[in-house]
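Subject: Structure handover: pockets and cores

Hi,

Here is the structure for your set. Please look it over; notes on pockets and cores follow.

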Amino acid sequence: MYECIQLAENTYYIASPVNVGLYIEEGEAWIIDTGIDPRVGKKIIRRLEENNWKPKAIINTHCHVDHVGANAWLQKRFNIPIYSNGMDRYFIEHTILSAMALWGAFPPRALQGTLFTAEDSTNVQNIYEAPLPKGFEIIPFSGHSLYMFGLRTPDNIVFTADELCSPHILDKYKIAYNYCVELYYKSLEDAERLEAKLFVPAHGEPFTDIKEYVAINRKAVLEVQNLIIERCKEPQSFDMLLQYIFNHYELSMSLQQNAIVGSTIRSYLSWLYNEEVLEPIIQDNMLFWKTK
């Protein structure tokens, strides 16, 4: 764990629960995501020091806390810039917003810990204005967060962020979190067309066959979608539907899982409502969803 592995001439990654990418230019490291907390930041710096590299800048592929948790520690210690995209920049500067987005209101204490919030970063800049090394490519991946992106390094290594779950991740969690499932499903078409020497996901081992990973993730999305459509042939309240999903996949309910999986299921409902597959029905001042 936390081994620094060379993937190509100047491209490396630190293998960890959230993989950290490194691109080295003239002895300086562009750091792609920083893990969940300052402890990961210290491990990143240890790997850099072992190779006589200095941190150059941080690139956050998106705003989720497990990707930005060491930002503030690294920023304060080394005075390096941070780059990200769109609205995700403000979520990185105010991480409570991610927990609020999950909960739909100011979150309870259980959604304000390390897994959901981090020390805020300051002055997160626009990735499209970053002085990236020549040959870098920014690859939009909307859906998991609204402005997530991947990166292609000049060595033709693509960091896919959370666009594609590894098979073992899907097997463990069953339902991948997505803020907008509709956009995520559409983004898989673009992902499927990518070519690279190697693809590095945020969670799991690097892989070469992106079509296989896209097929696995697309199948997972459609499976949940079909479960909802079938279940809603009889009117379902949100809580009834969420209970059914948890029972179907043999998941264990907690306040945290209610928020994470529940947010994703709400996104499925939005998608199916927008596509006129489901309709909302009010009965005795309760909202139900029914398949048309």
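By class, 28 nonpolar, 14 polar and five charged residues line the largest pocket. (Ala, Val, Leu, Ile, Met, Phe, Trp, Tyr, Cys and Pro count as nonpolar, Asp, Glu, Lys and Arg as charged, and the others, Gly among them, as polar.) This is a predicted model: local features need pLDDT of at least 70, side-chain atom pairs count only at pLDDT 80 or more, and totals for chains, interfaces and linings use all residues. Residues are numbered from 1 along each chain as its sequence is written, and side-chain values use heavy atoms, with hydrogens and water left out.

Largest pocket

The volume is about 1400 Å³. A pocket is an open set of points on a 1 Å grid over the protein atoms alone, where a 1.4 Å probe fits, with protein on both sides within 12 Å along at least five of seven lines; lining residues have an atom within 4 Å of a point. Points are joined across faces, edges and corners, and the volume is the space filled by probe spheres set on them. The lining holds 47 residues, with His64, Asp66, His144, Tyr177 and Ile260 closest to the centre. Helix α10 (255–274) is among the elements that supply at least two lining residues. It gives the most, five. (Helices are DSSP runs of H or I, at least four residues, and strands runs of E, at least two, numbered from the N terminus.)

Second largest pocket

This one has about 270 Å³ of space. Its lining has 18 residues; Ala101, Leu102, Gly262, Ser263 and Arg266 lie nearest the centre. Again α10 has the largest share of this lining, with nine residues. The classes here are eight nonpolar, seven polar and three charged.

Cores

The largest nonpolar core has 39 residues, and Leu164, Ile228, Ile265 and Tyr268 touch the most other members. (A core is a set of buried Ala, Val, Leu, Ile, Met, Phe, Trp, Tyr and Cys residues joined through side-chain atoms within 4.5 Å.) Helix α8 (210–231) is one of the contributors. It gives the most, eight residues. A separate core of 24 residues includes Tyr2, Tyr12, Ile44 and Ala70.

Thr264

Thr264 sits in helix α10. Is it buried or exposed? Buried, with a relative accessible area of 1%. (Buried means under 20%, exposed over 50%, partly exposed in between, with a 1.4 Å probe and protein chains only.) Beyond neighbours within four places in sequence, Thr264 contacts Ile175, Ala176, Tyr177, Asn178 and Val181. (Contact means heavy atoms within 4.5 Å.)

Best wishes
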